[in-house]
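Here are my notes for you, as numbered points. Please keep the coordinates open beside them while you read.

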Amino acid sequence: MRSDRHEKLHPHDDAVQRHGLIGKRIPLIDAQRKSTGQELYTDDLRPADCLVGKILRSPHSHAKIVSIDTRAAEAMPGVHAVLTGKEAPNSFGVLPVSQDETALAVDKVIFIGDGVAAVAADDEETALAALRLIRVEYEPLRAFLDFADSLEEVPEELRIHKKTVDGTNLHKQVRQEFGDVDGEFDRALWKKRMSFRFPGVQHAFTEPLITIAHYDADDRMTVWSAQQVPHYLHRALAKVLEMPMHKIRVIRKAVGGGFGGKSDPFPHEMVAALLSRKCRKPVRILFDREEVFYNNHGRHPSKIDVGLAIGKDKKVAALDIDALIDGGAWGSFGVVTTYYNGVLANGPYRVDNFRYRGRRIYSNRPASGAMRGHGAVNTRFAYEVLLDEAAFDLGLDPAQFRIDNALPAYTKTINEFRITTNGIVECIERACAMAGWKDKYGKMPFGRGIGIAGGFYISGSALPIHWDGIPQSTVHLKADFDGGITIHSLAAEIGQGSDTMLAQISADVLGVPIDQCRVYSDSTDTAPIDIGSYSSRVTFMAGNAVRRAAEEMRRLVIGGAADLTGYPPEVFVLEDAHAINATNREVRVPFVEALRRAMKDRGALQTTGCYSGPPPMGGQHKGAAAGLSPTYSFQAFVVELEVDLLTGKPKVHEVWAAHDCGRALNPLAVEAQIEGCVHMGLGQALCESFDYNKGNVENPNFLDYRMLSSTETPDIHAILVETYDPEGPFGAKECGEGPLLPALPAVANALHDAIGIRFYEMPITADKIWRALQKQKKAAAGSATQGAAK
Amino acid sequence: MTTASRSDSRRGDPARPDNRLLRLRVNGTVHSVAAPPHAILLDVLRDVLGLVGTKRGCDMGTCGCCNVLIDGRAVMSCLVLAHDAQGKDIQTIEGLAFDGPDMHPLSKAWAECGGSQCGFCTPGFIVTCHELLANEAAPSRTRIAEAISGNVCRCTGYKKILDAVELAAARIREAEPASAPAKSGGSK
Amino acid sequence: MILPPFELHQPTTVDEAIELATQLRKDGVAFDWMAGGTDVLPNYKNRLNARDHVIALGRVDELTSIGKNSIGALARIEDVARNSRVQSDWPTIAKAASLISSPPLRNLGTVGGNLLLDTRCYYFNQSEFWRDSKGYCLKADGDVCLVVPQKETCYATYSGDLAPILLVLDVELEFRGSNGARRVPLRSFFEYDGIRRFEKAPDELLVRVFVPSTDKALRTDYLKLRARDTIEYPVMGVAMGLRTKGGTVADLRVAVTGSEAVPLYYGDLGLGGATVDEATADAVQAALLDRITCYRNVPFPPGYRKAMGGEFGRKLFLDLSGKA
Ligand SMILES: Cc1cc2nc3c(=O)[nH]c(=O)nc-3n(C[C@H](O)[C@H](O)[C@H](O)COP(=O)(O)OP(=O)(O)OC[C@H]3O[C@@H](n4cnc5c(N)ncnc54)[C@H](O)[C@@H]3O)c2cc1C
Ligand code: SF4
Ligand code: FES
Ligand code: FES
């Protein structure tokens, strides 16, 4: 069933199957550079005469800047430039609707750690000493550190930003309603409303943020930065520096992890550039780990109320979500997050009556933004936990209950998402089969349990955030006399393997070994624009673009072979580094010869492929575009764990993680994404929490911001479900974010199976479990004595 | 004598008044460098000697990105004074990645198994695993997980890292008896 | 992150180290000893009570040895954990050592540094920027405690893993200083205060830990609570020694870390002579709950940490008496 659709759409796949790079386990093309320490990251660059840039940070949560005196710092020997916010007041931000950040604070500071002034000096000691000489006079304002506070109407000077809702510190409010939610709740067989709490969590990539900027003798600006989206940085720099984009070059060296945390343009990137322009020397700003935590835009701390109604047919009848999320100091991706917390609950199960209110506040804390599973993770937790409760209360098997509620393939959700292929049922079935679900669920001794949860995620946003008609991904291919294929793209390799994907698809289409392809994806000067590595879009969009560019290249090379041999182009396939006449396989022209022939009178071959977006789709309601994607990924996890009854400490033993990735172009890389997602999701479920002590981050370090260690990470079984998306390159969909979603609720559901207790607050740490167990014991003792009294 | 190209500080600058000369033996080569008494080994390796394979993740002993071998033992170079490392044998990823022209089995297996995604943690892990495999020829997966428990990887979920260390250990075991009369076929 | 500047001294012998310390003391110069540096350097990076002089002990090889009845102050934690003599004679020392932080940290850290480890607190183990924005506290640069608001005592948490079992084994510390050598029982060494922590002159160098021979029938164990299985400090740790005779408690020794500003030795909790049974295990738990106080300054809520102290005591008693 799956393949007919697929073959119709991709006539060349027969050939592809034969030389078979697609679907092969291919080590990432940069793997050996990394495993030998030869890969260069931004901080590994050593430009001559580079200065150290440091930022003076606000010790106040919210305060007016009365004055800044930088004279002493400027006079200090070894100091080359000092910068304050007033010198660069142009605002920027990742979304066109939330341009609310500046390089440094202009009139007021809005969180502890907000940048106030910056210096560039000969060395770190001098830079730090110079910061101490800067005198800033503040007038503290009331700090907003709580949802309730931010929802209050306040005078203008207490608003964190100019644009807020109804004179409060509410940043954004959205509503959607479909069907008859209240009616379904009235008629429900089972219903429950519950409030869920989530602290913030952080990307915690291992490479700290780092930027080097050089405004050179030609009045050109080069900015090397650890970025997932060089293009957005490029735009923001142009705006803040008031320079034409063509005079600015952004270079992305290897990036030490992103997960969404390096996808905004950041103030320090502006500061490095501004400082360099002031003193015309290269300036490096490398963050301490603590600064990374302040600057980072983690997952929103959230309070999410969810109501679930199950109808008499034991199907999901209505879903009612009210999400209140803490955006911290800046807008960032927050408008999108505000929508995603609701709209992405419309799969993988059919919901016909759906209501959503989403609200995002500003507060005087580090900003929140996009993190792996952007906007979908917390609501997913709440929804899947309630589904589990419903199944339990109704005496239904939670796995079968999910299957019975699954959306079909090729359908539309109530909010008009277009669903194409859908592997949710296969995901559930295969994960359960491998886990031995039927023999374990409800059958293990007290303290040991198994749980299941599903997930649903976008594969790139159908609509770009900048409406200028430029394709979302463009890839250039060049083939010259040496036979090497040079691939230019601005899709950012951040460890997920996008360079490998580009090379693999090119090599596959052109029938050459992968090491004949070289990827240059590092510079905005040479690469065509691509809106970068976020939103799980790269394989789908840049993959389609590179495929198209490679197919055009194939046409040209085959043309060369046809010229050389006199056979018509239609008979040729590219395989095995040759152009081969498929009707008479004796006729073989080496790839390089065909290529050189094609170059005759025209020079090196250059082709372009692009991907703009899917055909128009989606509803007419407000916010209909949010969450629209050309295709969606589906996933289901089964988690088995055990609770140490003495301490309450949970230990996850195994995770069976099934994910519909459309098609696994490179199973090694798909597994890697799934395993990484599981690790990160379990961390949020079990131990990660970005804690505050009033306005201060309590744990801005890797000791107290806890990620699961190697000894606590369970055995993860990645199960690849392939459904062959009709529009994805060779059928592929995303696999880098969706597989995080089921991890959290599967843990909570397994805990219920283990000890009969539900948890509604993240993270579920040993102390919380132990407390709940104590309460359970007391209650049991209480009812036992009551029973005895009767 | 090595001095910094003022890459990002004057740390290696002999003219700096608080700098003291020291000799560091790194990857078999003795370097004379200038660094102040409070210079951290990690900074000297990266900023003065240009050995940038050793990474800086946290600077506080909590991530293992900066691990190097000192006298054969994996330690966090962000918590070692450069002057305290004088007279010791320091090995960094640059010195461990290759055995002559051949990639070391750990680095090779790492690449094949998908032990790196972003790769920023990789040098530190590989350094740690060099110590492990020097002491134990066939560590179990549990034992490997313990040995790397001071190294943080945010990308991989550790599974493919365990795969890589197991594979490397197996290959090293296979190669060792091969120094006795070579079997035909060799490694598969 | 760069360190604050200091002058570094690198003696190669104990004598030389003492000479240096004596001289610095005479000159009225404040200094810190540094062994593995895994406590000193993070604190210095955070600008916590950094001094102008540091005497690094990394080259004093004579103090790294592990003998029949002693452990050199500069023995590396990992060497202690793996040492076969330690494993057979003092298995709980080996176990506690193996539970300290992570392998590369154990390769650096020393026994002496572990015992003399500075205390920990969320308001203290932070950068200068953080503390400046929050307000400095008593233990560094300020004059009021932010955990227990008052101006006299610091309640930062003692977080070393070796102290409890060493208290149980009743070890003695040998110091050398400008006034010669002295030996002091660990049980009377600590002094309740998160800043002073213990009775020791700044120029005194810890050279050895003497472990007295104990009755082979004394069984010991240590349980540690921490938020993750690795890297983390104990936020509660209980060591116990137990010898039973004829079904009664002949020798009971209990010590706790990760609770207050010093590790605490609780002796037999008043349970000497008690029958070895579940009721006594419950009594151990109750006695510990009576005695343990925790403050909200390290991971996990104080109530939970304290409860775990009780649970650990009970479990240890049952395990060691063979009643589990
Ligand atoms: C991330 C991290 C996690 C940690 N986890 C743990 C843990 O789980 N359990 C634990 O117990 N510890 C832990 N530690 C603390 C520390 O690493 C260990 O306790 C280690 O054993 C300290 O030894 P050191 O030699 O490195 O101490 P140093 O830093 O060298 O010294 C510590 C203190 O002792 C003094 N000192 C050292 N040696 C002597 C001597 N011979 N004479 C006089 N004074 C001396 C120093 O002046 C200093 O005040 C951790 C540290 C870090 C950074
Ligand atoms: S307990 Fe009080 S005085 Fe001690 S470190 Fe913490 S806040 Fe400071
Ligand atoms: S950088 Fe040294 S342990 Fe993190
Ligand atoms: S590969 Fe990215 S941190 Fe390990």
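1. An oxygen atom of ligand 1 sits 2.8 Å from a polar backbone atom of G37(C), a polar contact in the sense of a pair of N or O atoms within 3.5 Å (within protein, one must be able to donate a hydrogen and the other to accept it, and residues adjacent in sequence count only if both atoms are side-chain atoms). A35(C) also brings a backbone N or O atom to 2.7 Å from an oxygen atom of ligand 1, and for S159(C) the corresponding distance from a backbone N or O atom to a ligand 1 oxygen is 3.4 Å. On its own, ligand 1 exposes 960 Å², and the protein buries 96% of that; accessible areas come from the Shrake-Rupley method with a 1.4 Å probe, and for residues only the protein chains shown count as cover.

2. Before going further, a word on conventions: this is a predicted model, where local features need pLDDT of at least 70, side-chain atom pairs count only at pLDDT 80 or more, and totals for chains, interfaces and linings use all residues. Residues are numbered from 1 along each chain as its sequence is written, chains are lettered from A and ligands numbered from 1 in the order in which they are written, and side-chain values use heavy atoms, with hydrogens and water left out.

3. Where does ligand 1 lie? Its place is between chains B and C, and 34 residues surround it, the closest being W33(C), A35(C), G36(C), T38(C) and T110(C). A residue counts as near if one of its heavy atoms lies within 4 Å. The shell divides into 17 nonpolar, 12 polar and 5 charged residues. Here Ala, Val, Leu, Ile, Met, Phe, Trp, Tyr, Cys and Pro count as nonpolar, Asp, Glu, Lys and Arg as charged, and the others, Gly among them, as polar.

4. Turning to the interface, 31 residues of chain C are in contact with 31 residues of chain B, contact meaning heavy atoms within 4.5 Å. About 2600 Å² is buried between the two chains, with carbon and sulfur atoms giving 56% of it; buried area is the accessible area (1.4 Å probe) that two parts lose on being put together, summed over both.

5. How many salt bridges link chain C and chain B? The count is 3, a salt bridge being a side-chain nitrogen of Lys or Arg within 4 Å of a carboxyl oxygen of Asp or Glu. One of them pairs D79(C) with R73(B), whose closest N and O atoms are 2.9 Å apart. On the side of chain C that touches chain B, α6(C) gives the largest share, 5 residues; helices (H or I, at least four residues) and strands (E, at least two) are DSSP runs, numbered from the N terminus.

6. The peptide bond from G347(A) to P348(A) is cis, with omega near -5 degrees, and P348(A) falls in the loop between α11 and β15. M762(A) and P763(A) are likewise joined by a cis peptide bond, with omega about -15 degrees.
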